[in-house]
Amino acid sequence: MITVGAQSGDPNRLLQLKRAHTLSDIKNAVHLINQFELMANLDFIIAYPDEDRAERKRTFAFIEYLNRQYRVKIQFHHFFPLSGSHMQFRFPSRLDNQSRLDLQNIFLNGIGRKGWVQNEIDSDRFFSWLRRRSYSQFKKYQ
């Protein structure tokens with residue numbers, strides 16, 4: 001198994017993140033990995049700041065496409081702001097009920113792993129703690 005940091009199935013998000021790869025690059029990487037009879041493990045992040053249902057739908061559609069065409073596993077991570085990044089003071093977006101159902105279907109199809117669930121819990125705990133312990137720091141987030 002080879003892990004690839006796909007990050008998103010939305011081309012605009014990849015540009016915003018300055019990832020220097022495209023959806024075509026991800027497809028090509030997965031194709032090459034499969035040619036060597038290996039499984040592609042793709043990391044995707046959900047709940048980016050300002051991410052909406054439409055963006056998530058594009059990511060989920062890309063994942064479904066990859067699953068139909070190739071041998072892939074998906075590892076979802078919930079967005080958490082990293083110090084020093086251009087999103088270091090950004091809150092994650094909240095997932096709507098339909099997005100949660102879409103994720104559940106991906107898991108039921110056996111291609112996704114639920115790492116994001118604990119990430120979401122940890123993120124909520126962190127921001128709750130930060131608000132209580134250092135409101136001046138918490139106010140920097142938007």
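Helix α2 (residues 23–35) has 13 residues and reaches 18 Å from its first C-alpha to its last, close to the 18 Å expected at 1.5 Å a residue. The expected span is 1.5 Å times one less than the number of residues, and helices are DSSP runs (H or I, at least four residues) numbered from the N terminus. This is a predicted model, in which local features need pLDDT of at least 70, side-chain atom pairs count only at pLDDT 80 or more, and totals for chains, interfaces and linings use all residues. Residues are numbered from 1 along each chain as its sequence is written, and side-chain values use heavy atoms, with hydrogens and water left out.

Buried residues (under 20% relative accessible area, 1.4 Å probe, protein chains only) of α2 are Leu23, Ile26, Val30, Ile33 and Asn34. They cover an arc of only 95 degrees around the axis, which puts them on the same side of α2. The arc is that of the directions from the helix axis to the C-beta atoms.

Helix α5 (residues 115–133) has 19 residues, and its end C-alpha atoms are 27 Å apart, in agreement with the 27 Å that they should span at 1.5 Å a residue. In α5, the buried residues are Trp116, Glu120, Ser123, Phe127 and Leu130. Seen down the axis, these residues fall within an arc of 100 degrees, so they line one face of α5. Arg125, Arg132 and Arg133, on the other side of α5, are exposed (over 50% relative accessible area).

Methods: Helix = DSSP H or I, 4+ residues; strand = E, 2+ residues; numbered from the N terminus.
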